[in-house]
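Here are my notes for you to read with the viewer open. Take them one at a time and find each spot as you go.

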Amino acid sequence: LNSIALKACDGKVEKTLCVLFKSKSKYQHLLLARQRLAFAPALGDALGRSASFDKLFFNEVTFEKAEMERLALCLCDNSSMASLTFTNSFQGDESMVAFAKHLPGMSHLCHLTLVGNNFG
């Protein structure tokens, strides 16, 4: 078992994610689907330091501009992250621009997939 999928969780998943990112687990892939994720600074810190996950999938997980900025900065710090997918996650140009301006700092990414996102 090397994957975790959290789909349509009714409660907040931020604390669970912090524990997962900080753990010395064997999990490599994380799928988050159909939820509103508050990308708090503690979650960002945990993701930035996580060495176990190399693939993140966001499917219908929406981020506001500031949260997307925090996520992008954390992904710049996490050199183990090789694959990143956003499906139906960008809710307009502002969040996309917040992410895209940090792409040069993510030179370790091998795969970036953007599918079904709403931006101009």
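1. First, what you're looking at. This is a predicted model, where local features need pLDDT of at least 70 and side-chain atom pairs count only at pLDDT 80 or more, while totals for chains, interfaces and linings use all residues. Residues are numbered from 1 along each chain as its sequence is written, and side-chain values use heavy atoms, with hydrogens and water left out.

2. How confident is the predictor? The score is pLDDT, the predictor's confidence in each residue, from 0 to 100. The chain averages 81, and 90% of the residues score at least 70.

3. Now the overall layout. Walk along the sequence and the pattern reads β-α-β-α-β-α-β-α-β. With a radius of gyration of 13 Å, close to the 14 Å that the globule rule gives for 120 residues, the chain is as compact as a globular protein of that length. (That radius is taken over C-alpha atoms, and the globule rule is 2.2 Å times the number of residues to the power 0.38.) The C-alpha atoms fill a box of roughly 40 × 35 × 25 Å along the principal axes.

4. Buried residues account for 45% of the 120 residues, where buried means under 20% relative accessible area, exposed over 50%, and partly exposed in between (1.4 Å probe, protein chains only). The chain exposes about 6400 Å², with carbon and sulfur atoms supplying 53% of that; areas come from the Shrake-Rupley method with a 1.4 Å probe, and for residues only the protein chains shown count as cover. As for contacts (heavy atoms within 4.5 Å), take those between residues at least 6 apart in sequence: 83% join residues at least 24 apart.

5. Strand E5 deserves a look. Leu112 sits in this strand and is partly exposed, at 34% relative accessible area. Together with Leu103, Leu114 and Phe119, Leu112 forms a nonpolar surface patch with about 280 Å² of accessible area. (Patches use residues with over 30% relative accessible area and no salt bridge; like charges are joined within 9 Å, and nonpolar side chains (Val, Leu, Ile, Met, Phe, Trp, Tyr) within 5 Å.) Thr113 is also in E5, and its relative accessibility of 32% makes it partly exposed. Leaving out residues up to four places away in sequence, Thr113 touches Leu84, Thr85 and Phe86.

6. How many salt bridges turn up in the whole structure? The search finds one, a salt bridge being a side-chain nitrogen of Lys or Arg within 4 Å of a carboxyl oxygen of Asp or Glu. The partners are Lys101 and Glu69, at 3.4 Å, N to O. They tie together distant parts of the chain, 32 residues apart: Lys101 is in the loop between H4 and E5, and Glu69 is in helix H3 (residues 65–77). Lys101 is exposed, with 52% relative accessible area.

7. Stay in helix H3 for Arg70. Arg70 is partly exposed at 31% relative accessibility. Apart from neighbours within four places in sequence, Arg70 contacts Phe39, Ala40 and Pro41. Arg70 and Ala40 are 30 residues apart in sequence, with their C-alpha atoms 8.1 Å apart.

8. Finally, check two backbone angles. Most residues other than glycine have a negative phi. Glu60, though not a glycine, has a positive phi of about 55°; this residue is in strand E3 (residues 55–62). Asn88 is not a glycine either, and its phi is positive at about 50°. Look for Asn88 in the loop between strand E4 (83–87) and helix H4 (93–100), where Asn88 is partly exposed at 30%.

Key. Helix = DSSP H or I, 4+ residues; strand = E, 2+ residues; numbered from the N terminus.
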